[in-house]
Amino acid sequence: MNALTHTPPFAGIAKRLAGIAPQRTIPRFAHHTFQHWFRKRGGAKHPQGAPVLLWPDTFNNHFHPEIAKAAVEVLESAGFQVRVPRAKVCCGRPLYDIGMLPRARRLLRRNLRLLRADITAGVPVIGLEPACTATFVDELVNLFPHDQQAQRLAAQTFTFAGFVQQHHDAFDFGRLDANALLHLHCNHKAILSKDPDQALLERIGVKTAMPDTGCCGMAGAFGFEADKYEVAMACGERVLLPAVREAHDQLVVTDGYSCREQIQQATGRRALHMAEVAQMALRQRAL
């Protein structure tokens with residue numbers, strides 16, 4: 001698949017068939033999924049530790065497993081027993097966003113069944129992708145307002161930084177003494193709290209600037225669509241992309257897959273996930 005979507009003339013044909021703007025680069029699939037890696041290594045490293053469930057969202061599972069691996073390393077450094085669903089899962093956000101509510105409801109019902117034991121046991125669920133995390137926190141309870149399991153899952157769902165902040169005494173990081181440009185995904189800004197992200201960066205010695213970037217412009221598949229490309233780039237060029245280009249000696253940090261993709265394709269900079277920054281601080285301590 002990667003060969004077909006990145007080799008002329010097949011790449012151009014694939015983009016035309018999919019309605020993707022010719023200026024865009026189709027994301028590469030990772031050589032292995034995060035779920036495959038987790039199963040192959042034998043699952044949880046600390047079977048007696050307090051359990052946490054790491055949600056293998058589609059983006060980090062199939063495109064950037066290194067981010068989920070970084071989250072595992074950091075969580076396990078604090079002694080947590082990291083669990084990952086074995087089944088193929090999806091939060092349902094793509095269906096919800098385009099109005100396919102009956103299918104979204106069925107998928108979310110399936111998630112509630114798959115996670116029933118962990119939800120009932122009060123196991124925290126950590127989401128790495130803000131769009132997925134926000135789905136469990138907000139859309140899930142909107143679709144199932146009277147479902148007790150849905151209410152529990154919403155209350156037990158955390159961003160990576162949010163979970164680290166709640167259990168800050170368990171983590172021992174080194175200091176990075178760096179500067180960072182922090183951009184929050186739209187779902188993160190609308191529904192989730194920015195405080196844990198800023199607190200974690202401050203704790204590990206990262207001075208953070210967070211300009212009013214608004215939307216990055218990618219917004220899932222929106223920025224890839226040929227007839228939306230100009231609008232998507234105008235959104236990004238309003239504040240975010242110029243700020244990234246000027247951040248020569250700074251880390252660029254954002255949890256959103258779409259945001260990282262827009263930044264990389266428009267500026268050539270690889271933005272980091274909060275889990276990767278925390279991993280850097282953890283490894284700094286070991287030096």
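The legends below describe close-up views of a predicted model.

In this predicted model, local features need a pLDDT of at least 70 and side-chain atom pairs count only at pLDDT 80 or more, while totals for chains, interfaces and linings use all residues. Residues are numbered from 1 along each chain as its sequence is written, and side-chain values use heavy atoms, with hydrogens and water left out.

View 1. Asn2 has its place in helix 1, residues 2-6 (helices are DSSP runs of H or I with at least four residues, strands are runs of E with at least two, and both are numbered from the N terminus). With a relative accessibility of 18%, Asn2 counts as buried, a term for residues under 20% relative accessible area, where over 50% is exposed and anything in between is partly exposed, using a 1.4 Å probe and protein chains only. If neighbours within four places in sequence are left aside, Asn2 is in contact with Arg28 and Phe29 (contact means heavy atoms within 4.5 Å). A polar atom of the Asn2 side chain lies 2.9 Å from the backbone nitrogen of Phe29.

View 2. Four strands form an open sheet in the order 2-1-3-4, with parallel pairing (two strands pair if DSSP finds at least two bridges between them). Strand 2 (81-83) and strand 4 (157-159) stand at the edges, and because each has a single partner strand, one side of each is left without a neighbour in the sheet. Strand 3, residues 125-127, pairs with strand 4 in the parallel sense over three bridges, and Ile126 stands opposite Phe158 in strand 4.

**View 3. Asp57 in a loop.** Asp57 lies in the loop that runs between strand 1 and helix 4 (58-62). Although Asp57 is buried, it has no salt bridge, and the nearest side chain of opposite charge, Arg260, is 6.7 Å away (a salt bridge needs a side-chain nitrogen of Lys or Arg within 4 Å of a carboxyl oxygen of Asp or Glu; Lys and Arg count as positive, Asp and Glu as negative, and His and the chain ends are not counted). The side chain of Asp57 does reach the backbone nitrogen of Phe59, at 3.1 Å.

**View 4. The open sheet of three strands.** Three strands form an open sheet in the order 6-5-7, again with parallel pairing. Strand 5, residues 178-182, and strand 6 pair in the parallel sense over four bridges, and Asn179 stands opposite Lys207 in strand 6.

Terms used. A polar contact is a pair of N or O atoms within 3.5 Å; within protein, one must be able to donate a hydrogen and the other to accept it, and residues adjacent in sequence count only if both atoms are side-chain atoms.
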